[in-house]
Every structure is written in structure tokens, then in C-alpha cells.
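Have the sequence and the 3D view open side by side, and take the points in order.

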Amino acid sequence: QWQLVESGGGLVRPGGSLRLACAASGFTLDHYGLGWFRQAPGKAREEVSCISAGDGRTYYTDSVKGRFTISRNDANGTVYLQMDSLKPEDTAVYYCAARNYATVEAMCVSWNYVSMDHWGKGTAVTVSS
């Protein structure tokens, strides 16, 4: 069964750090564009960061630039999101997604829910003092 499983969420104080991980099972990530998305209570799901297959190009939404770093390890089938200098407005459920042969533009700019091949079930991040 193909699935993505996120981990690493939790409660952290403002200014703190978390590292999210998303592991794939049932398929390999080599040819997939990968992305992290988030959904805060009462708000629409939004893109956070994406990374392409092959050349590893990355995209970050403006609000996380300089604070978050996306990376991928295709050998162990995992994509990561290192989140530093966390703010209360980063509080959300974070989801990873995969789309076959997708560019960062397709993953993070012109995307919609059904355009992704796989979604994880999410991991909750709460930033609060």
C-alpha cells in the first residue's frame, strides 16, 4: 500500500525549532516532486515548501523564507522540513505530498489537492508560550 507518513510535530515555544519528516512506503521517491503544506484551523491548506526530483530545486513561501529548510533523502525515502525561529502563526497541521515528475512550480505554485498523487495524514505543530 502506497502511503506517506509524517512525524516530528509537537508543541514548541516561539523561537524554537522542529524537524518534520515524511517517510514513503510502497513506492520510491526518486521521480517525485515533494512538498510540505499546512492548514491552520479555519483556514485553507497552503503551500509551505517544495523540492523537485533530480535537480533538487526548492521553493519557499514568503512567510517561511530564511527560517525553514526542505531536504530529501531518496535513499531512505524521506523528505524533511527543518523549521527554525518558529512563530505562533506557524501553528498548523503540516502535510507532505508527492507528485510524479513534478517541478517545484507544479508542486507549490499551480497546485490543488487533486493534482497530488499522494498525501500524508499530517502532523500537528503548535507554537505557543
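1. A word on terms comes before the tour. Helices (H or I, at least four residues) and strands (E, at least two) are DSSP runs, numbered from the N terminus. Two strands pair if DSSP finds at least two bridges between them. With that in hand, look at the hairpin of β4 and β5: there are 6 residues between the strands, and Gly42 takes a positive phi near 80 degrees.

2. Please keep the origin of the coordinates in mind. This is a predicted model, in which local features need pLDDT of at least 70 and side-chain atom pairs count only at pLDDT 80 or more, while totals for chains, interfaces and linings use all residues. Residues are numbered from 1 along each chain as its sequence is written, and side-chain values use heavy atoms, with hydrogens and water left out.

3. Now the overall layout. The chain holds 1 helix and 11 strands, and from the N terminus on the order is β-β-β-β-β-β-β-β-β-α-β-β. Its radius of gyration is 13 Å, close to the 14 Å that the globule rule gives for 129 residues, so the chain is as compact as a globular protein of that length. (The radius is taken over C-alpha atoms, and the rule is 2.2 Å times the number of residues to the power 0.38.) Along the principal axes, the C-alpha atoms fill a box of roughly 40 × 25 × 25 Å.

4. Buried means under 20% relative accessible area, exposed over 50%, and partly exposed in between (1.4 Å probe, protein chains only). Buried residues make up 46% of the 129 residues. The accessible surface, from the Shrake-Rupley method with a 1.4 Å probe, comes to about 6400 Å², and 48% of this belongs to carbon and sulfur atoms.

5. Contacts tell you how the chain comes together. A contact means heavy atoms within 4.5 Å. Among contacts between residues at least 6 apart in sequence, 61% join residues at least 24 apart.

6. Of its 8 residues, 7 are buried. On one side of the pairing list is strand β9 (residues 92–100), which runs antiparallel to β4 over 8 bridges; there, Arg38 has Tyr94 of β9 as its bridge partner. β4 is also joined to β5 by 5 bridges, again in the antiparallel sense, with Trp36 partnered by Ser49 of β5.

7. Since 5 of its 6 residues are buried, β5 is largely enclosed by the rest of the structure. β5 pairs with strand β6 (residues 58–60) in the antiparallel sense over 3 bridges. These two strands form a hairpin with 6 residues between them, and Gly54 in the turn has a positive phi of about 75 degrees.

8. Which residue of β5 stands opposite Leu34? That residue is Ile51, found in β5 at residues 46–51. Ile51 also stands opposite Thr58 in β6. With a relative accessible area of 5%, Ile51 is buried. Not counting residues up to four places away in sequence, Ile51 touches several others, including Gly33, Ile70, Val79 and Val104. The C-alpha atoms of Ile51 and Ala98 are separated by 9.8 Å, and the two residues lie 47 apart along the chain.

9. Do look at strand β11 (residues 123–127) as well. β11 pairs in the parallel sense with strand β2 (residues 10–12) over 3 bridges, where Leu11 stands opposite Thr126. β11 is also joined to β9 by 3 bridges, running antiparallel, and Val93 has Ala124 as its bridge partner there.

10. Finally, two backbone details to check. Ser85 has a positive phi of about 50 degrees although it is not a glycine; its place is in the loop between β8 (78–83) and β9, and Ser85 is partly exposed at 41% relative accessible area. Tyr101, also not a glycine, has a positive phi of about 60 degrees. Tyr101 is found in the loop between β9 and α1 (104–108) and is exposed, with a relative accessible area of 59%.
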